[in-house]
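Let's take a walk through a protein model together.

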Amino acid sequence: MSWEESTRQKMLHLKLPTDPRWVGIAEMQIEDILVDHAYCEQKAASSCISLIVRYSDLDYLVDTLTPIVAEEWGHFERVMEQLRKRGMAFGKQRKDEYVAKLNDFVKKGGSRMEQLTEYLLMNALIEARSCERFKLLSKNIQDEELQKFYYELMISEAGHYVTFIEMARKYHDPEKVNKRWQEWLDYEAAVLKNMELRGDRMH
């Protein structure tokens, strides 16, 4: 089975595709993209660590997220390698408007498992969008090494996306999770539609 078929079977589709102009702009600002990507991988690892600490009593969650932490940090190291071999500086972290807007949609209050569901779905959405952007980069940029690099990361992020969704369904009513997931997808599409198109951010 090809990765396209495998991913298509596993993924719930985003409601709004990335503007196709993004990849061309991003390619012209590839140093900024790599720097932002490095910080994204850091934050992905940190988010999983935070969930492990907060829900340390949930064995399945801890055992599932622990290897994802290692994988995300491995991605960070690989992005840093791409920066270094190109003589590019790591630079300072930039404000992540996309994630900030997603955070605004997290429901406050509710049960402990409802709160867990919110953060799992937000993480799933970030991974899904990352997967889509990696696919665009892998298919459209001229740098052959980065094509291969983003192809490999695309497959990995699709797996993480599915893991977060399935975990939410394990710890909370699957029907409620599915309903909330559709709300997250609608909200994310609106966020993306109203955000400035810029090529110096991964999201």
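**How the helices meet**

Helices here are DSSP runs (H or I, at least four residues), numbered from the N terminus. Before going on, note that this is a predicted model, where local features need pLDDT of at least 70, side-chain atom pairs count only at pLDDT 80 or more, and totals for chains, interfaces and linings use all residues. Residues are numbered from 1 along each chain as its sequence is written, and side-chain values use heavy atoms, with hydrogens and water left out.

Two packed helices are described by the angle between their axes and the distance between the axes. For H6 and H8, the angle is about 50 degrees and the axes are 10 Å apart. Axes are lines fitted to C-alpha atoms, for helices over the stretch in contact, and angles run from 0 to 180 degrees between N-to-C directions. H6 and H8 are therefore oblique to each other; under 35 degrees would count as roughly parallel, over 145 as roughly antiparallel, 65 to 115 as roughly perpendicular, and the rest is oblique. Among the residues making this contact (heavy atoms within 4.5 Å) are Leu-121 and Leu-125 of H6, along with Trp-181 and Trp-184 of H8.

Now slide over to H5. It packs with H6 at an angle of about 150 degrees, with the axes 11 Å apart, so H5 and H6 are roughly antiparallel. On the H5 side, Tyr-98, Val-99, Leu-102 and Asn-103 meet residues of H6 including Met-122 and Ile-126.

Which residues of H5 are buried? They are Tyr-98, Val-99 and Leu-102, where buried means under 20% relative accessible area, exposed over 50%, and partly exposed in between (1.4 Å probe, protein chains only). These three sit on the same side of H5 because they cover an arc of only 90 degrees around the axis, taken from the directions from the helix axis to the C-beta atoms. They pack against H6 and H8.

**Into the core**

In soluble globular proteins, nonpolar side chains tend to be buried together. A nonpolar core is a set of buried Ala, Val, Leu, Ile, Met, Phe, Trp, Tyr and Cys residues joined through side-chain atoms within 4.5 Å. The largest one here has 39 residues, and Tyr-98, Leu-116 and Trp-184 are among those with the most contacts inside it. H6 gives the largest share of this core, 9 residues. Apart from it lies another core of 27 residues, among them Val-23 and Leu-83.

Is Glu-127 buried or exposed? This residue of H6 is buried, with a relative accessible area of 6%. Leaving aside neighbours within four places in sequence, its contacts include Glu-72, Glu-157 and His-160.

Arg-54 lies in H3 and is partly exposed, at 41%. Its partners are Arg-112, Gln-115 and Tyr-119, again not counting residues up to four places away in sequence.

Finally, look for Ser-111 in the loop between H5 and H6. Ser-111 counts as partly exposed at 34%, and its C-alpha atom is 44 Å from that of Ala-89, 22 residues apart along the chain.

Definitions and conventions. Helices (H or I, at least four residues) and strands (E, at least two) are DSSP runs, numbered from the N terminus.
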